[in-house]
Amino acid sequence: MNRFVSLSALLLTGACAVGPDYVRPDVTTPGAFKETATFNTALNQPVPAPETVAAINAAPTPEAARALAKAKPQDDAVRGKWWETFGDDDLNKLEEQVASANQTVKAAEASFRQARALVAEARASFFPTVGATGSVSRGGGSSHINSATGISSGGAPHNSYAASLDASWVPDFWGKVRRELESSEAGAQASAANLATATLSAQAELAIDYLELRMADEQKRLLEASVAAYAKSLEITQNQYKAGIVVSSDVLQAKTQLESAQAQLIDVGVARAQFEHAIAVLIGRAPADFSIVEINNVPALPDTPDAVPSELLERRPDIASAERTVASANAQIGVAEAAYFPDITLSASGGYNSSTLANWFSLPNRFWSIGPTLAETIFDAGLRSAQTEAAIATYDQTVANYRQTVLTAFQAVEDNLAQLRIYAQEAATLDAEVQDAKQSLEVSLNQYKSGTVSYLNVVTAQTASLNAELTALNVRKARLVSMATLIQNLGGGWHASELDKPDVPQGETTPLSILPPSVK
């Protein structure tokens, strides 16, 4: 057995791994987001100095980008519990429940545990398998020699006792097991990144639904105030009609305006209920058992977080998952190429057999064997070649998917920055429009009371004022939602280095470790 172990160690020392070693695919990254400079200019914020822009453009790699980031203020950087930047305690409490209660996140966590188990399964192939067998039997019949024990039994009844220990091992000469382990490890890291993506997605969806709900409350308050004002206008018109000052059509117009606002107020309840139900499901609760109390508060709009495109490769878990999938596919090429080489199995067995129990474990009844077995496929009709080509094609596909994921991420951030810039400009214009509309309404009401204009002028002014305020609220909501989406598209504070951290305590939101120590 000592010779078996020594031979095994010698064989491992000279083993090699076939297939290409992994190199991260190149991705073209711009030095800065196009919309960042436009955004700063539109809001009269300082544009980065030329030397800063030059430094960013000269730093296309994530490492260089992070080095540059250390020299810049990071007050606006997204960290950890990013939802706290909205300054809403109710939102904070809800977000804390997502990672532990959301069923989609739980499914992703189970998938991650499965991937981690596959790593342990792949690692087990490095080691020999050892088995033990034992048997006791009694038989009789025509004279024969027992094939298991080698004992001639004759025709009389006889006993047979056997016990053996067997070991076999397939040395990883060509690196097939190492490539399988490499692929499993990368796949487990991709699964961990998928879990982070699922968690971030659920957290962002909850934040957006909550912001939508609070803005629905704000819209409700606006419509309630409008209904009260329209009811007062209707009362004035009815009194003037009774006094013979105005005609009945004025009363009908005032009543129609009031009923229209009342219908809008009722309709707001539909959207609010839907957002409340969606939030309940996101935190793993039945909508019937969950409610959010209406409060007179709207979350604050956070400052726009700072980011450069090259950092996005490290900050988005979906990009990390796509990159780790590429690494897994690359290792599978080596697995396919290893099939061209023979499998060598080292086997050893030993034990005792006897026809009597008393002499079962005596030295004369001992047996053993040791030796290698070589197996090689001579003809497979192009099977291995096809499998290798398929593995290469799969790798090329994952590279394209990775690059597309990066491009889509750049697009999403640029879209969000453009939305925030344009909505900010629109909000400034709408603020002026709302003030002008209110003044116009006040003038129209005074003119109507003095009898210089018809009620149609009042209705027109009321409609314009309400529409301006509703549009302003919608733009405010859009800015909040765009900010939450931007933070999500920037990775929500996640970083690829979390894939290499130690195991986290029970209950943490994101797995920071996925792999036991590797066998090299």
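Modeller: A salt bridge here is a side-chain nitrogen of Lys or Arg within 4 Å of a carboxyl oxygen of Asp or Glu. The model is predicted.

Biologist: How many salt bridges does a search of the whole structure find?

Modeller: One of them joins the side chains of E35 and R421. The search covers the whole structure, and its total is 22.

Biologist: What is the N to O distance between E35 and R421, and how many residues apart are they?

Modeller: Their side chains meet at 3.1 Å, N to O. E35 sits in helix 2 and R421 in helix 12. The pair links distant parts of the chain, 386 residues apart.

Biologist: Is E35 buried or exposed?

Modeller: Buried means under 20% relative accessible area. E35 has 11% relative accessibility, so E35 counts as buried.

Biologist: Which helices does the D90 and R214 pair tie together?

Modeller: D90 forms a salt bridge with R214, the closest N and O atoms being 3.4 Å apart. The two residues are 124 apart in sequence.

Biologist: Which residues are linked with D90 and R214 in a network of salt bridges?

Modeller: R214 is buried at 0% relative accessibility, while D90 is partly exposed at 29%. Their network of salt bridges also takes in D217, R272 and E276.

Biologist: Where does A381 lie, a residue other than glycine with a positive phi?

Modeller: Phi of A381 is near 60°. A381 is exposed, with a relative accessible area of 63%. A381 lies in the loop between strand 4 and helix 12.

Methods:
Residues are numbered from 1 along each chain as its sequence is written. This is a predicted model: local features need pLDDT of at least 70, side-chain atom pairs count only at pLDDT 80 or more; totals for chains, interfaces and linings use all residues. Side-chain values use heavy atoms; hydrogens and water are left out. Helices (H or I, at least four residues) and strands (E, at least two) are DSSP runs, numbered from the N terminus. Buried means under 20% relative accessible area, exposed over 50%, partly exposed in between (1.4 Å probe, protein chains only).
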